[in-house]
Amino acid sequence: MGVCVCAPRRPRRSGARVGLAGPKHDRYAASKPSVIRMSPWEELQSDLRRYYDARGIGAVDFDCTHSPVCRAAAEHVGGRFVTAREPTVGVRYLAGWPRILVVSLDPGSLDEPTPIQLRSEEPLGPPNCHWHRTHEGVAEIIYAGTGERLTPAEAGTWFAHLNVVRCCANRVGRREAPNAMFMRCHEYLEGEVRIFRPDLIWSQGDKAWDAMAWALPHLMRKDVVDLDGRPSVWLHSTHPAAHSLRAADKWQEQLADLRARTKAELRVPSEE
């Protein structure tokens, strides 16, 4: 019978880390993925996507529990129900102060679901249309708050825009969506506003005011919305495309009112 002769076992050094030292571990460490920090725009997209997916109200994988009622309401008034348009965000919204969030009514017309979009300078349409006047209003708000005079096109890159009603009724003449659609979208507004964390909210039209008052009453004191300790000034106005503002002098009066209230209410946030 043979005798097995084994090499003596090398004594282990006190305190040595087994299996982690040496070139093999170095290669492993180098191969570990590094943590990639998202940009502010990517974080906003990600937060909104999680919020929309959890509630089924986004342009992607739409599954809103209210959609049968809203579809029936749109078709009842001769419309064509299309889901859903997400907010648009100016490229400088997250880059400085003030962050301005415009809360309007409903999409008016929509051909297909539209995910969140990053907006740069773009055509504004005729001078008396809603989109052009919204840009004019934001330019006045920025001037009153910062003293910086921007063109309407330049001001457009500084604000985010969302609709109280996310889906579209596509009524003839871009008429307003039925009340049933507004009422069922109210519950989603607070979550969106919290994600955007604006310094100033400009709501446009009576039903935008109704939605703000319904969704955020517990956050309001006077004309300020308290977002987890971050004050956000709330300005409300008649919808820029309303018949009552068709005359140029009436629109100029509204711009003057936006300037005055911004100057009175908006404050640079404390560094503390």
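Which residues is His239 in contact with, leaving aside its neighbours within four places in sequence? They are Ser104, Leu105, His130, Gln204, Gly205 and Leu245. The model is predicted. The protein has 9 helices and 8 strands, and 44% of its 272 residues count as buried. Taking the contacts between residues at least 6 apart in sequence, 77% join residues at least 24 apart.

- His239 is found in the loop that runs between β8 and α9, the helix of residues 248–265.
- The relative accessibility of His239 is 16%, and because buried means under 20% relative accessible area, this residue counts as buried.

- Eight strands form an open sheet with mixed pairing, in the order β3-β1-β4-β2-β5-β8-β7-β6.
- The edges are held by β3 (117–119) and β6 (220–221), each of which has a single partner strand, so one side of each is left without a neighbour in the sheet.
- Strand β1 (residues 88–90) runs parallel to β3, and 3 bridges join the two.
- Within this pair, Val89 stands opposite Leu118 in β3.

**Packing of α2 and α7**

- Two packed helices are described by the angle between their axes and the distance between the axes.
- For helix α2 (residues 40–55) and helix α7 (residues 189–196), the axes come within 10 Å and cross at roughly 165°.
- Because angles over 145 degrees count as roughly antiparallel, α2 is described as roughly antiparallel to α7.
- The crossing of these two helices, α2 and α7, is right-handed.
- On the α2 side the contact is made by Leu44, Asp47, Leu48, Tyr51 and Tyr52, which meet Gly191, Glu192, Ile195 and Phe196 in α7.
- By residue class, the contact of α2 with α7 divides into 6 nonpolar, 1 polar and 2 charged residues.

**Backbone features in loops**

- The peptide bond from Trp97 to Pro98 is cis, and its omega is near 0°.
- Pro98 has its place in the loop between β1 and β2.
- Asp61 is not a glycine, yet has a positive phi of about 55°.
- The loop that holds Asp61 lies between α2 and α3 (67–76).
- Is Asp61 buried or exposed? With a relative accessibility of 66%, Asp61 counts as exposed.
- Arg197 likewise is not a glycine and has a positive phi, here of about 45°.
- Arg197 lies in the loop between α7 and β5.
- The relative accessible area of Arg197 is 31%, and this residue is partly exposed.

How values were computed: Residues numbered from 1 in each chain as written. Predicted model: local features only at pLDDT ≥ 70, side-chain atom pairs only at ≥ 80, totals over all residues. Heavy atoms only, no water. Pairing = 2+ DSSP bridges. Helix = DSSP H or I, 4+ residues; strand = E, 2+ residues; numbered from the N terminus. Axes fitted to C-alpha atoms, helices over the stretch in contact; angles between N-to-C directions. Parallel < 35°, antiparallel > 145°, perpendicular 65-115°, else oblique. Left-handed = near helix turned anticlockwise from the far one by under 90°. Contact = heavy atoms within 4.5 Å. Nonpolar A, V, L, I, M, F, W, Y, C, P; charged D, E, K, R; others polar. Buried < 20%, exposed > 50% of the residue type's maximum accessible area, 1.4 Å probe, protein only.
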